[in-house]
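Hi everyone, thanks for making time this morning. Could you bring the model up on the screen, please?

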Amino acid sequence: MARKPKAPAKSKAAAKAPANSGSRLNDDIGEDKRLKMFQLQLEVRHLETRAHDLFLQNLVKGTSHLAVGQEAIASGFATAMRSDDYTFCTYRGHAHTMVRGASMTAVLGELMGRECGLLNGKGGSMHLTSVEHGAMGSYAIIGAHLPIAAGAAWKSQYLGTGQVSVCFFGDGTTNIGAFHEAINMAAVWKLPVVFVCENNLYMEYTPIGDVTAVEHPAADRASAYGLPSIIVDGNDADAVYRVARDAIEMAREGGGPSLIEAKTYRHFGHSRADPAKYRPEGELEEWMKKDPIPMYRQRLLDFGIGENVVSSIEEMVMKAVDDATEAAKASPEPGSEYLFKDVWADGGASWRN
Amino acid sequence: MAELTYRDAVAAAIAQEMRRDETVVFLGEDVAWAGGVFKTTVGLLDEFGEKRVRDTPISEQAIIGAAMGAAMTGLRPIAEIMFSDFFAVCWDLIANQIPKTRYMTSGQVIMPLVIRTANGGGVRFGAQHSQSIENWAMMIPGLKVVAPSTPADVKGLLAASIRDDDPVIFFEQKSLYADKGEVPDGEYVEELGKAKVLREGTDATIIALAAMVPRAMKAAERLQAEDGISASVVDVRCLVPLDTQTIFAEIRKTGRAFTVEENPRLCGWGAEISSLAMEECFWDLDLPLIRITTPHIPLPSADALEDEALPSVERIYNTVREGLD
């Protein structure tokens with residue numbers, strides 16, 4: 001049976017955003033941040049697409065979950081975050097790790113099981129982490145990282161560091177217990193954490209609406225924890241940036257957590273094994289019209305940024321992805337010395353004397 | 001030396017460590033204002049305040065997740081899970097997240113946290129509040145596992161666990177909470193991974209943990225008094241790291257070894273010691289290693305049934321005596 005396509009959601013935040021006047025970018029975002037967000041979105045798009053190509057060449061093993069179509073969320077948030085803020089994300093985490101500053105070579109290398117990988121090949125696609133960039137981990141069990149993000153926020157609150165934790169998760173996470181436990185405790189403790197639901201309409205292979213008692217899986221639960229219901233167009237980096245900026249600022253000032261639902265769509269299936277045949281005919285095509293990247297490119301041009309500036313970013317990103325691919329391919333596989341390293345803080349793996 | 005209960009030694013260790021290190025924080029259900037349902041944390045809120053001693057909702061995943069997030073970003077949290085049976089509702093954090101993150105990230109983080117919990121039977125709470133689950137924790141690479149049998153060890157090993165840079169699961173045996181014992185005055189810290197020979201013997205080696213230690217001691221005394229059998233008793237104290245040097249030295253001395261385990265039979269910690277001893281002490285053994293455990297059943301609640309299920313002094317005594325026949 002074919003499912004009826006769900007129309008892309010109208011964004012409250014987008015509706016409030018300044019009209020695209022065609023004037024120069026002297027609004028609240030500005031040219032520098034817009035160019036950064038464009039570049040980050042492109043980096044994610046091309047890196048993810050490259051990861052897909054490398055699967056097909058059997059150079060990326062295991063599983064992988066691509067964020068193609070969801071680039072605006074990672075890019076908008078990363079641009080609004082302070083460099084020492086914390087990111088916690090899911091197994092669909094290549095984007096969130098890279099936009100915080102992890103190198104493309106290290107990301108691709110990890111997917112390919114190479115020594116140059118972010119985790120020296122010990123974690124794989126679903127566990128990308130770059131602590132030096134504040135990317136505190138990709139978590140492969142649904143819901144686990146919401147309480148962990150709250151714990152990092154507790155540290156920030158306790159030591160008064162002003163750091164904010166931003167925790168990304170999918171729509172499916174809103175139905176697991178840890179989601180509710182974490183948001184309740186974060187609200188009671190007024191922790192500086194921003195919970196971000198990337199609602200791409202499908203929990204793995206099943207439409208989220210078929211298994212959830214409310215229409216907006218995250219936003220409609222917010223009131224249960226005394227939080228406002230916030231929905232944003234997750235395909236519009238400017239809208240995401242503005243919502244992110246406000247929520248992060250509030251958290252930093254002691255105003256407690258936020259729960260944001262970003263409506264988006266993944267262009268690929270859930271994971272490499274999923275051709276996404278369960279999607280109703282025409283749905284993908286409908287969402288491709290809202291592809292965040294061409295939309296944002298056009299916006300830059302409308303704002304008066306030169307085609308040459310935009311295309312030079314595109315060329316630079318493509319070259320960076322190509323260079324990273326070659327560097328990762330050239331990296332050796334990790335040696336067996338990694339096998340017994342770093343179980344314990346002393347660097348070893350011994351469980352007996 | 002001061003005489004403290006096993007229960008009071010918990011708060012004494014936490015207080016000792018909170019005084020010396022501002023990054024030590026403590027969270028759990030009913031731990032602050034109520035002082036813990038087992039009264040193990042009385043006085044901590046008064047001394048350290050609500051910022052460091054925090055009551056939580058009944059949300060075990062939130063408790064353990066918060067401890068993990070705080071640990072990997074710079075604090076040294078102590079989390080209490082009221083009954084160890086409740087590990088089952090936050091097992092993802094304990095089994096999947098906390099022990100694996102350092103390894104998976106190739107050493108990018110350390111995870112200095114302690115999960116304290118009331119473990120084991122003997123108090124008629126039935127099958128969901130009485131389990132002895134040290135073996136659940138022991139089988140996960142990346143967790144250290146401690147189970148003290150005396151007030152002094154509670155203080156010294158809990159302090160060591162808090163100072164350790166790795167995650168430690170600290171099992172307090174709830175039937176021992178009222179036990180009294182001498183605890184060294186002043187700052188007291190023991191070393192993790194050291195078993196203790198409590199009684200020297202020449203005929204048999206009894207290897208025990210937590211609540212089974214005082215029972216093994218009583219059985220050893222009776223063996224000596226009634227049968228002239230000289231049994232050594234080893235308190236394992238830490239399952240990970242496991243002090244195989246001390247344990248094997250005691251096994252080799254007598255060639256006749258017995259484990260006393262509160263856990264149900266299958267895959268108890270004694271099975272691992274037995275297996276290791278087969279590989280490494282085989283030619284020193286006069287007898288097969290014999291395991292004395294709770295039968296492989298859920299623990300019943302009635303006095304008569306629970307007493308029959310748990311290894312008793314009588315059963316230890318009989319098993320060792322018959323084993324040596």
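Let's start with the sheet in chain A: 6 strands form an open, parallel sheet in the order S2-S1-S3-S4-S8-S7. Strands here are DSSP runs of E with at least two residues, helices are runs of H or I with at least four residues, and both are numbered from the N terminus. Two strands pair if DSSP finds at least two bridges between them. S2 and strand S7 (230-233) of chain A stand at the edges with a single partner strand each, so one side of each has no neighbour in the sheet. On average, neighbouring strands of this sheet are turned by 20 degrees against each other, direction ignored.

Before going on, please keep in mind that this is a predicted model: local features need pLDDT of at least 70, side-chain atom pairs count only at pLDDT 80 or more, and totals for chains, interfaces and linings use all residues. Residues are numbered from 1 along each chain as its sequence is written, chains are lettered from A and ligands numbered from 1 in the order in which they are written, and side-chain values use heavy atoms, with hydrogens and water left out.

Now look at strand S4 (residues 193-199) of chain A, which runs parallel to strand S8 (residues 258-263) of chain A and is joined to it by 6 bridges. A:Val196 has A:Ile260 of S8(A) opposite.

Which strands does H7(A) touch as it packs on the sheet? They are strand S3 (165-170), S4 and S8 of chain A, and the direction of H7(A) makes about 145 degrees with that of S4(A). Such angles run from 0 to 180 degrees between N-to-C directions, with axes fitted to C-alpha atoms, for helices over the stretch in contact. Touching means contact, that is, heavy atoms within 4.5 Å. Helix H8 (residues 237-252) of chain A also packs on the sheet, against S3, S4, S7 and S8 of chain A.

On to the partner chain. The contact takes 41 residues from chain A and 54 residues from chain B. About 4,000 Å² is buried between the two chains, and carbon and sulfur atoms give 61% of that; buried area is the accessible area (1.4 Å probe) that two parts lose on being put together, summed over both.

Finally, there are 2 salt bridges between chain A and chain B, counted where a side-chain nitrogen of Lys or Arg is within 4 Å of a carboxyl oxygen of Asp or Glu. One salt bridge links B:Glu280 and A:Arg352 (2.7 Å, N to O).
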